[in-house]
Amino acid sequence: MQIRSSFPYETTREDVQVPLPDGTRLYARIWRPVTDEPVPALLEYLPYRLSDWTAPRDWQRHPWYAGHGYASVRVDVRGHGNSEGMPGDEYSPVELADGVEVVNWLAEQPWCSGKVGMFGISWGGFNSLQIAALAPEPLKAIVTVCSADDRYDNDVHYMGGSVLAVDMHAWAATMLAFVSRPPDPLFVGDRWREMWLSRLEAVDPFIHTWLDHQTRDAYWQHGSVCEDYSAIGAAVLAVGGFHDPYRDTVLRLVEHLPGDVRGLIGPWSHQYPDRGLPPGPAIGFLQETLRWWDHHLKGIDTGVMAEPKLRSWISDSHPPATVYAELPGGWVGDPSWPSPNVTPTPYALQGAPLIVNSPQHTGLDAGRYFPFGNDADLPPDQRDEDAKSACFEFEVPSAVRILGRPKVTLRLKMDTPSGQAIARVCDVAPDGSSTLVTRGVLNLSARNGRDRVDPWPVGGTEDVTFELNAIGHTFPAGHRIRLAVSSAYWPWIWPQADSAGFVLDPAGSALELPVRQGDLDPSITFAAPEQSEPLAVVYPATLDELRPERLVVRDVAKGEWRMEVDPRYGGTRVYPDGLEFTEDAVETYTINESDPLSARTRSDWTIRLHRPELGWDAKIESRSEITCDATDFITSNEVVCKDGDEVVFHRTWEKRIPRTAG
């Protein structure tokens with residue numbers, strides 16, 4: 001990583017409050033070049049608190065853009081951080097309308113040329129797409145990183161129509177803790193406590209809403225730009241990583257957007273591609289996006305539109321591991337998606353019908369749903385998972401390179417009205433080690449569409465087809481391609497109440513791989529990673545460094561399995577302005593290997609924000625749990641907030657939510 005301290009422009013920084021029509025003011029931090037000429041503005045807009053939680057990341061890129069002639073602006077969403085107003089659901093109509101107002105406000109500033117770009121990763125990438133679909137006139141271009149065009153089937157809530165136990169729960173619990181944090185008196189003054197208490201009264205756990213909508217209904221259609229790609233007129237650079245769950249969106253945006261669009265998919269996790277976090281290699285992402293901004297916001301021909309419409313990393317075969325500093329492989333370019341260089345190639349399954357009734361703890365070696373570049377993120381050797389699945393293998397006499405979304409067709413017979421099928425593609429080396437390549441899930445009641453529940457005809461046989469997540473991978477000669485099919489995948493997928501597995505008939509079943517012709521393209525290159533000087537944050541040693549990131553505990557006598565996860569979002573840190581920020585989180589997933597109704601998730605959070613010089617000491621403790629019975633999900637949430645030793649807020653929520661599709 002090259003740290004840059006000299007730029008074409010000197011820069012200034014100021015914190016301002018952006019006024020909205022209803023009188024609410026959003027907290028913003030603006031880095032600007034020192035120049036008399038108006039410049040384009042770049043907006044990053046999200047709820048993750050610019051004055052503390054994202055500040056280290058913000059310092060890596062906003063000053064860099066300002067030094068290259070842009071006003072780079074970071075804004076907290078209403079009801080979060082130091083912004084006024086009440087918090088709401090993710091990507092709410094209010095959030096998006098506020099975002100449009102911010103875009104228009106930026107364009108009207110005397111230092112702005114009238115042209116605005118938006119960028120962001122995850123939440124900020126989502127609302128960049130969604131605000132682009134609302135088409136405010138000044139918004140000319142966006143860079144959306146690790147985001148989704150489909151909030152139902154490509155986010156943290158559902159996968160293939162099944163409840164994502166691992167992140168439906170974990171992210172709802174995380175946001176419950178996050179939204180309960182107070183404004184900072186250093187920035188808002190003495191009114192911080194009044195603002196905090198008003199916000200807390202408005203808090204409702206996201207999990208209630210998310211589980212209330214178990215099919216793809218109008219709730220999920222809102223904010224899903226796949227409903228109308230033609231609404232987006234801004235130029236879109238869509239970026240993803242093959243170790244991020246949102247990478248399929250990049251392919252769909254390249255395929256469907258009507259205007260200027262380019263796609264870039266690397267080997268990365270859920271991170272900006274310049275941060276150097278595993279798996280690499282990292283690229284000079286800021287320089288790459290500067291080419292995008294210069295072309296679309298300043299009218300400079302940077303050659304960015306001469307690049308292939310889709311640039312993708314294809315990994316070479318690699319042994320299974322939970323972390324890779326860098327993956328072997330290289331880049332390819334395709335003129336469109338679907339690509340003329342990719343041919344769907346079927347591999348027919350062979351053998352007699354067989355029963356697939358996986359133990360409920362199948363999936364403990366799935367790895368993290370959202371890899372962040374931590375040591376225990378990625379799936380370990382899959383041999384144990386493969387042993388709990390029905391496996392079909394195909395020899396590789398000569399190298400097979402794939403790019404895109406594999407597909408499976410399975411002929412199934414089931415004696416219960418509900419169930420789910422999980423398909424994994426693995427790369428099996430001559431020594432028997434099994435590396436997960438990609439996977440997919442289908443809730444069998446969603447086989448005719450994610451917007452409906454069609455019970456399986458008891459005792460009936462049907463063919464079902466579903467796609468797996470996109471991947472770029474090369475199977476070398478002498479290896480084997482393994483398709484593993486299971487009926488359970490905990491804790492990623494919440495088990496169906498009455499599922500007893502199914503009979504899989506290989507006759508009529510097949511794996512389809514997107515085989516890509518052609519060699520890697522050595523002409524596709526990127527500059528080395530470069531960032532501005534980092535914020536001088538100190539990270540003292542804390543508890544989370546002393547316990548495992550992922551720990552699996554088995555009670556042999558009870559047949560119970562427990563996974564404990566430390567998500568390690570950022571840990572404890574001390575900021576240059578004196579803020580001491582402490583956070584600790586543990587997620588627990590428990591199941592009995594023979595009982596789908598034993599599934600239980602729990603998340604515990606502790607957060608402390610302390611300014612010794614102001615005598616400010618705010619603490620948040622939260623607990624979130626989900627259990628189930630045959631008819632309902634049972635949720636329990638609790639938040640306790642303290643100002644010093646005084647409890648200023650304590651609330652519990654208990655709710656039963658019918659299992660309509662999950």
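## Pockets, cavities and buried residues: exercises

Three helices, α1 (55–67), α3 (123–134) and α4 (165–179), each supply at least two residues of the lining of the largest pocket. Helices (H or I, at least four residues) and strands (E, at least two) are DSSP runs, numbered from the N terminus. The model is predicted: local features need pLDDT of at least 70, side-chain atom pairs count only at pLDDT 80 or more, and totals for chains, interfaces and linings use all residues. Residues are numbered from 1 along each chain as its sequence is written, and side-chain values use heavy atoms, with hydrogens and water left out.

### Exercise 1. The largest pocket

Give the volume of the largest pocket, then describe its lining.

**Solution**
1. On a 1 Å grid over the protein atoms alone, a pocket is an open set of points with protein on both sides within 12 Å along at least five of seven lines; a cavity is a set where a 1.4 Å probe fits but cannot get out; lining residues have an atom within 4 Å of a point.
2. Read the volume, the space filled by probe spheres set on the points, with grid points joined across faces, edges and corners. The largest pocket has about 990 Å³.
3. Look at the lining. It has 39 residues, and Q271, R275, F372, Y569 and G570 lie nearest the centre.
4. Assign the elements. α1 gives the largest share, three residues.
5. Sort by class. Ala, Val, Leu, Ile, Met, Phe, Trp, Tyr, Cys and Pro count as nonpolar, Asp, Glu, Lys and Arg as charged, and the others, Gly among them, as polar. The lining then has 18 nonpolar, 11 polar and 10 charged residues.

### Exercise 2. The second largest pocket

Which element gives the largest share of the lining of the second largest pocket?

**Solution**
1. Start with the volume, about 740 Å³.
2. Go to the lining of the second largest pocket. There are 50 residues, with M159, R247, T438, R439 and N469 nearest the centre.
3. List the elements that give two or more residues: β8 (158–159), α9 (247–256), β20 (434–443), β21 (460–467) and β22 (471–475).
4. Pick the main contributor. β20 supplies eight residues, the largest share.
5. Finish with the classes: 23 nonpolar, 12 polar and 15 charged.

### Exercise 3. The cavities

How many cavities of 30 Å³ or more are there, and which residues line the largest cavity?

**Solution**
1. The count is seven.
2. The largest cavity holds about 100 Å³ of space.
3. Its lining is V166, D167, A170, R368, Y369, F370, R550, V565, P567, Y569, E587 and Y589.
4. α4 has the largest share, three.
5. By class, the lining has eight nonpolar, no polar and four charged residues.

### Exercise 4. F526 and R311

Describe the surroundings of F526 and of R311.

**Solution**
1. Check exposure. Buried means under 20% relative accessible area, exposed over 50%, partly exposed in between (1.4 Å probe, protein chains only). F526 is buried because its relative accessible area is 18%.
2. Compare sequence and space. F526 and Q287 are 239 residues apart in sequence, yet 8.6 Å apart from C-alpha to C-alpha.
3. List contacts (heavy atoms within 4.5 Å). Neighbours within four places in sequence aside, F526 is in contact with L264, I283, G284, E288, R311 and W331.
4. Move to R311, in strand β12 (residues 310–315). At 3% relative accessibility, R311 is buried.
5. Define a polar contact: a pair of N or O atoms within 3.5 Å; within protein, one must be able to donate a hydrogen and the other to accept it, and residues adjacent in sequence count only if both atoms are side-chain atoms. The R311 and E288 side chains make one at 2.9 Å.
6. Neighbours within four places in sequence aside, the contacts of R311 include R291, W331, I524 and F526.

### Exercise 5. S358

Is S358 buried or exposed?

**Solution**
1. S358 lies in the loop between β15 (354–356) and α11 (383–387).
2. S358 counts as buried because its relative accessibility is 4%.
3. Its side chain reaches the backbone oxygen of K388 at 2.9 Å.
4. Residues up to four places away in sequence not counted, S358 touches K388, S486, S487 and A488.

### Exercise 6. Cysteines

**Solution**
1. C226 is partly exposed at 21% relative accessibility, while C112 is buried at 6%.
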